[in-house]
Amino acid sequence: MKKPFDLHADYQPEDFEFNKKFKKPVKEAIERYPAGRQQSAVMPLLDLAQRQVAVEGAAANPLYGGWIPRAAMDHIAEILDMQKVKVYEVVSFYSMYNTAPVGKYLIQFCSTTPCWLRGSDAIIKAVIEHLGVGVGETTNDGKFTLMEVECLGACVNAPMVQINDDYYEDLTPDNMREVLNSLAEDLKPTIGSQTGRSASMPCSGPTCLEKQAKKAKVV
Ligand code: FES
């Protein structure tokens with residue numbers, strides 16, 4: 001679960017503005033919708049606000065990752081001419097919007113049935129032991145936050161986690177620790193399957209379209 005939505009927490013900044021880099025995508029997102037329907041851009045604008053905060057957080061000390069301050073929600077309500085509470089409702093509903101500061105790397109564990117059957121409990125335990133924080137907590141250096149979510153749609157390569165925008169799949173406690181070690185050094189671990197299989201192909205290799213798979217160099 002994500003952290004509770006607290007409008008009055010002391011970490012809430014007084015104001016928020018989209019900076020120069022983000023103003024253009026904000027304008028483009030709004031222009032995708034017909035006149036009078038600009039409120040439909042609320043979700044992309046929230047995503048952009050979260051990404052702007054993440055950029056700021058990556059240069060801060062201590063570090064922090066993308067989240068959406070109340071001032072950003074109010075600013076978006078103003079831009080889109082909608083009631084603030086409608087924006088709060090969207091933000092508090094979806095797990096992809098963070099309503100409180102998180103670490104630079106937000107680890108979202110999937111523990112829904114297919115991942116659970118394939119060992120998500122062992123992955124969560126390994127991460128907790130490796131980082132020394134529990135689910136819902138952030139490491140002291142601001143680098144990692146742990147969060148548990150529902151199915152992320154990659155069940156075929158279970159167990160898996162999402163870290164920021166990337167999926168890490170076919171996890172074992174060992175390869176999960178390797179991913180964490182790389183991120184701790186701000187390196188870029190391989191995304192997708194950690195056992196090297198291509199996309200969601202059977203572990204034993206293709207069972208159909210074998211010639212095409214060879215031609216495409218995926219085996
Ligand atoms: S159950 Fe984990 S991705 Fe679907």
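Author: What follows is a chat about a predicted model.

Reader: Great, thanks. How many helices and strands does the protein have?
Author: There are 8 helices and 5 strands. Read along the sequence, their order is α-α-α-α-β-α-α-β-β-β-α-β-α.

Reader: And what are the rough dimensions of the box that the C-alpha atoms fill?
Author: Taken along the principal axes, that box is roughly 55 × 45 × 30 Å. The protein has 219 residues, and 42% of them are buried.

Reader: OK, then is Cys 110 buried or exposed?
Author: Cys 110 is buried, because its relative accessibility is 3% and the cut-off for buried is under 20%.

Reader: Switching topic, what can you tell me about the largest pocket?
Author: The largest pocket holds about 860 Å³ of space. It is lined by 34 residues, and those closest to its centre are Arg 51, Lys 104, Ile 163, Asn 164 and Asp 165.

Reader: Which elements give two or more residues to that lining?
Author: Those are α2 (42–58), β1 (105–110), β3 (161–163) and β4 (166–169). The largest share comes from α2, with 6 residues.

Reader: Good to know. Now the outside: which residues form a nonpolar patch on the surface?
Author: Phe 93, Tyr 94 and Met 96 do, and together they have about 340 Å² of accessible area.

Reader: Where does Phe 93 sit, and why does it count as exposed?
Author: Phe 93 belongs to helix α4, which covers residues 84–93. Its relative accessible area is 64%, so Phe 93 is exposed, the cut-off for that being over 50%.

Reader: One last thing, I'm curious about the start of the chain. Where is Lys 2?
Author: Lys 2 is in the segment before α1 (20–31). With a relative accessibility of 18%, Lys 2 counts as buried, because anything under 20% does.

Technical notes. Residues are numbered from 1 along each chain as its sequence is written. This is a predicted model: local features need pLDDT of at least 70, side-chain atom pairs count only at pLDDT 80 or more; totals for chains, interfaces and linings use all residues. Side-chain values use heavy atoms; hydrogens and water are left out. Buried means under 20% relative accessible area, exposed over 50%, partly exposed in between (1.4 Å probe, protein chains only). Patches are made of residues with over 30% relative accessible area and no salt bridge: like charges are joined within 9 Å, nonpolar side chains (Val, Leu, Ile, Met, Phe, Trp, Tyr) within 5 Å. Accessible areas come from the Shrake-Rupley method with a 1.4 Å probe; for residues, only the protein chains shown count as cover. A salt bridge is a side-chain nitrogen of Lys or Arg within 4 Å of a carboxyl oxygen of Asp or Glu. Helices (H or I, at least four residues) and strands (E, at least two) are DSSP runs, numbered from the N terminus. On a 1 Å grid over the protein atoms alone, a cavity is a set of points where a 1.4 Å probe fits but cannot get out, and a pocket is an open set with protein on both sides within 12 Å along at least five of seven lines; lining residues have an atom within 4 Å of a point. Grid points are joined across faces, edges and corners, and a volume is the space filled by probe spheres set on the points.
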